Amino acid sequence: MKNTTLCYIEQNGQYLMMHRVKKVGDCNKDKWIGIGGHLEEYESPYDCILREAKEETGLTLTDCTYRGLVSFCSPNYETEQMHLFFAHSFEGTLREDCEEGDLAWISRENLMRLPMWEGDRIFLNLLPQDVPFFLLKLVYDADGNLLSHDLNFTGETRKPLLISACLLGTACRYDGKSQPLPGDMLDALSKKFILIPVCAEILGGLPTPRIPAEIQTDGTVLRRDGVDVTEAYFRGADAVQYYAALTGAKSALLKARSPSCGCGQIYDGTFSGTLCKGNGVTAQKLLETGLSVYTEETISLLLADENKQ
């Protein structure tokens with residue numbers, strides 16, 4: 001079994017990525033990955049990632065956090081243990097050339113559209129979130145297709161809870177703003193749950209800010225200017241449901257009245273501010289797959305239900 005390191009460097013909403021197009025016989029050929037490499041003799045994972053970052057990028061990492069251990073299993077390669085890091089600050093100037101591949105800063109909105117190992121999308125979504133150290137096992141077939149994954153948070157008794165990222169302060173609403181919950185409410189939730197932030201509309205490929213959209217009587221989702229964004233909303237719902245399955249979450253706390261996240265009430269599609277009975281696309285998807293869905297207006301019910309268990 002070989003040991004490697006992998007680090008994703010984030011700055012101002014962009015990730016430093018490497019397009020692996022230069023190295024002969026590279027198992028990552030043509031894919032986009034982070035920075036890293038094999039541990040050398042007498043190196044710790046931390047020693048290794050500092051050295052690899054300097055060699056590959058010219059940067060000296062000054063804020064690097066060990067976030068998880070990923071087991072990469074494939075019949076084509078030796079089983080690999082990847083020590084996963086996330087960095088936010090550095091010193092130095094990014095080098096213009098790298099023997100391993102082409103370096104580029106990629107915005108978070110475009111990150112998941114790059115060609116990469118399917119399992120990488122799993123831990124890339126976990127890295128910026130306030131989740132405990134995790135163990136992730138990825139099993140691929142000979143053609144590079146992800147067969148299975150197994151995620152565990154170490155030393156945790158709290159249950160995972162999907163939560164709309166805007167409720168945690170992420171500026172991902174349609175208007176480019178957030179709507180964070182009060183601090184005491186967040187503290188109460190954090191004591192009970194591992195909070196897993198999601199934004200279905202971002203995961204569906206929509207920008208921030210974006211033109212408001214509402215669900216129509218025929219089930220389509222239209223922007224205020226009449227553009228049909230139904231596909232993006234359903235794509236985002238599928239992505240959120242995927243993360244529910246990945247993390248084992250059985251409940252979700254979503255933004256009230258949103259065309260993605262509203263539960264029980266949404267706007268009626270006329271863009272007049274009129275409410276009607278119904279669920280957002282993502283909320284409906286989660287309900288259909290057996291999750292309990294709450295909004296910021298029913299947090300007391302969520303906590304009461306959790307205390308009953």
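**Note on buried residues, ring pairs and salt bridges**

1. Glu-55 is partly exposed, because its relative accessibility is 43% (buried means under 20% relative accessible area, exposed over 50%, and partly exposed in between, with a 1.4 Å probe and protein chains only). This is a predicted model, in which local features need pLDDT of at least 70, side-chain atom pairs count only at pLDDT 80 or more, and totals for chains, interfaces and linings use all residues. Residues are numbered from 1 along each chain as its sequence is written, and side-chain values use heavy atoms, with hydrogens and water left out.

2. Which residue forms a salt bridge with Glu-55? The partner is Arg-51, and the closest N and O atoms are 3.2 Å apart (a salt bridge is a side-chain nitrogen of Lys or Arg within 4 Å of a carboxyl oxygen of Asp or Glu). Glu-55 and Arg-51 both belong to helix α1 and are four residues apart, which is about one turn of the helix (helices are DSSP runs of H or I with at least four residues, strands are runs of E with at least two, and both are numbered from the N terminus). Arg-51 has a relative accessibility of 17%, so it counts as buried, whereas Glu-55, at 43%, counts as partly exposed.

3. The model has 19 salt bridges in total by this rule. One of them joins the side chains of Arg-210 and Glu-201, at 2.5 Å from N to O. Are these two residues buried or exposed? Both Arg-210 and Glu-201 are buried.

4. Lys-285 and Asp-238 also form a salt bridge, with 3.2 Å between the closest N and O atoms. This pair connects distant parts of the chain, since Lys-285 is in helix α7 (residues 281-288) and Asp-238 is in helix α6 (residues 230-247), 47 residues apart. Lys-285 has a relative accessible area of 27% and is therefore partly exposed. Asp-238 is partly exposed too, with a value of 40%. Elsewhere, salt bridges with shared partners join Glu-40, Glu-43, Arg-51, Glu-52 and Glu-55 into one network.

5. Glu-56 is part of helix α1, which covers residues 45-57. Glu-56 is buried but has no salt bridge, and the nearest side chain of opposite charge is that of Arg-20, 4.7 Å away (Lys and Arg count as positive, Asp and Glu as negative, and His and the chain ends are not counted). What does Glu-56 touch beyond its neighbours within four places in sequence? Glu-56 is in contact with Met-18, Ile-35, Gly-36, Arg-95, Cys-98, Glu-100 and Leu-103 (contact means heavy atoms within 4.5 Å).

6. The next topic is aromatic rings. The model has 10 aromatic pairs (rings of Phe, Tyr and Trp, the last by its six-membered ring, pair if their centres lie within 6.5 Å; planes under 30 degrees apart count as stacked, over 60 as edge-to-face and the rest as tilted). Tyr-8 and Phe-123 make a tilted pair, because their ring centres are 6.1 Å apart and their planes are at 50 degrees. Tyr-8 is in strand β1 (residues 2-11) and Phe-123 is in helix α3 (residues 118-126), so this pair links parts of the chain that are 115 residues apart. Both members are buried: Tyr-8 has a relative accessibility of 0%, and Phe-123 has a relative accessible area of 0%.

7. Tyr-15 and Phe-86 form a stacked pair, because their centres are 5.9 Å apart and their planes are at 25 degrees. Tyr-15 is in strand β2 (residues 14-19) and Phe-86 is in strand β5 (residues 77-91), 71 residues apart. Tyr-15 is buried at 2%, and Phe-86 is buried at 4%. Another group of rings, from Tyr-46, Tyr-66, Phe-85 and Phe-133, forms one aromatic cluster.

8. Why is helix α3 described as largely enclosed by the rest of the structure? Eight of its nine residues are buried, and that is why the description applies. The buried residues of α3 are Gly-119, Asp-120, Arg-121, Ile-122, Phe-123, Leu-124, Asn-125 and Leu-126.

9. Val-198 is in strand β10 (residues 193-198). With a relative accessible area of 6%, Val-198 is buried. Its C-alpha atom is 9.2 Å from that of Ala-239, 41 residues apart along the chain. Apart from neighbours within four places in sequence, Val-198 is in contact with Leu-162, Ile-163, Ser-164, Ala-165 and Val-240.
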